[in-house]
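User: I'd like to learn how to read side-chain features in a model. Can you walk me through a few?

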Amino acid sequence: MDLLSLRYFQVVARHEHISRAAEELRVAQPSLSRTIARLEGDLGVPLFDRQGRRIRLNRFGAAFLRRVDRALAELDDARRELTDAAGLTHGSVSLASETLLTVTEPVKSFLAEHPGVAVRLFQATPAAMAERLSEGQVDFCLASETLDGPGLVHEVLLREEVVLAVPLGHRLAGRREVTMAEVAGEPVVTTRPGLWQRTLAERLFAEAGLELVVACEIDEAATAIELVTAGLGVGFGPAWYLDSPMAAGRPRFSAIRLLAPGAFRVLRLYWREGGYLSEAAHRFRAHLSEALAG
């Protein structure tokens with residue numbers, strides 16, 4: 001058993017698919033299959049259930065994966081800690097977020113203060129963020145959804161109002177505030193299930209006893225405003241974004257306050273409890289907290 005075989009197993013377990021894992025690892029499928037077979041031989045138990053060309057992580061594999069994730073995360077932390085201590089770099093920090101628009105300005109100002117720090121950003125779904133963080137692939141995750149995973153801790157950075165965006169000329173355009181009952185039947189531009197805008201829309205309509213009518217589903221939350229201004233439907237957006245300079249220059253729309261107790265989102269920053277964070281990462285966390293809270 002060696003580190004390479006453990007890392008190969010980790011990727012195969014994540015995909016539960018040999019060819020996709022081989023593509024990510026950039027190795028030949030037969031070679032990857034032999035590595036997994038040797039690992040199972042060393043352990044004396046099968047790690048996957050095989051049905052034709054399909055594989056599924058079994059109970060032995062799931063138990064082993066938990067240990068492998070922890071062990072490899074510790075080794076990655078140790079390497080980064082030694083690199084920082086040796087002064088080989090000016091530090092690095094990595095963050096995954098459901099949308100990168102939220103962190104664009106904070107990252108820009110952080111790099112202006114710390115030009116030698118390497119910042120890596122990833123856009124991901126909540127499930128993918130929790131996985132990346134648990135495996136030690138990123139230092140932080142910024143999410144409006146609750147992330148579940150062993151050893152994950154968080155800090156609430158922002159609790160902000162969510163407003164309704166409607167195109168100009170809409171029957172509600174120009175209103176200062178509306179109830180959910182007044183939005184009944186309106187087609188809604190929103191994200192696909194699992195992302196915060198969709199979760200919020202489903203909750204607001206359900207709490208009001210109304211049916212959510214989806215006009216279209218998107219992956220990038222910020223795109224919703226573009227489609228609203230095009231007249232495809234109404235949408236929900238954080239007051240911070242709708243009032244920000246990033247919204248300037250876009251086709252105009254009308255932002256209306258929602259008279260609903262659940263019309264808000266909570267933005268949380270997650271990291272691994274006990275995981276190593278470089279000095280650069282500590283400074284980034286403080287900077288991001290201050291920038292978004294302000």
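This is a predicted model: local features need pLDDT of at least 70, side-chain atom pairs count only at pLDDT 80 or more; totals for chains, interfaces and linings use all residues.

User: Let's start with D77. Is D77 buried or exposed?

Analyst: Buried means under 20% relative accessible area. D77 comes in at 5%, so it counts as buried. You'll find D77 in helix α4, which covers residues 59–86.

User: With which side chain does the side chain of D77 make a polar contact?

Analyst: That's R272, with the two side chains in polar contact at 3.0 Å. Leaving out residues up to four places away in sequence, D77 touches R272, G275 and Y276.

User: On to the rings. How many aromatic pairs does a search of the whole structure find?

Analyst: Six aromatic pairs turn up. To read one, look at the distance between ring centres and the angle between planes; over 60 degrees counts as edge-to-face, under 30 as stacked, and the rest as tilted. For F9 and F64 the centres are 5.2 Å apart and the planes sit at 50°, so this pair is tilted. The pair links distant parts of the chain, with F9 in helix α1 (residues 3–15) and F64 in helix α4, 55 residues apart. Both F9 and F64 are buried.

User: And why is the pair of F140 and W271 called edge-to-face?

Analyst: Because the planes of F140 and W271 are at 80°, with the ring centres 6.4 Å apart. F140 lies in strand β5 (residues 140–143) and W271 in strand β12 (residues 264–272), so the pair ties together parts 131 residues apart in sequence.

User: Last one: how many residues does the largest nonpolar core have?

Analyst: Think of a core as buried nonpolar residues joined through their side chains. The largest here has 20 residues, and L164, F236 and L258 have the most contacts inside it. At least two residues each come from β6 (152–167), α7 (196–207), β10 (234–238) and β11 (253–258). Helix α7 gives the most, with five residues. As for L164, residues it touches beyond four places away in sequence include L172, V178, F236 and L258.

Definitions and conventions. Residues are numbered from 1 along each chain as its sequence is written. Side-chain values use heavy atoms; hydrogens and water are left out. Helices (H or I, at least four residues) and strands (E, at least two) are DSSP runs, numbered from the N terminus. Buried means under 20% relative accessible area, exposed over 50%, partly exposed in between (1.4 Å probe, protein chains only). A polar contact is a pair of N or O atoms within 3.5 Å; within protein, one must be able to donate a hydrogen and the other to accept it, and residues adjacent in sequence count only if both atoms are side-chain atoms. Contact means heavy atoms within 4.5 Å. Rings of Phe, Tyr and Trp (its six-membered ring) pair if their centres lie within 6.5 Å; planes under 30 degrees apart count as stacked, over 60 as edge-to-face and the rest as tilted. A nonpolar core is a set of buried Ala, Val, Leu, Ile, Met, Phe, Trp, Tyr and Cys residues joined through side-chain atoms within 4.5 Å.
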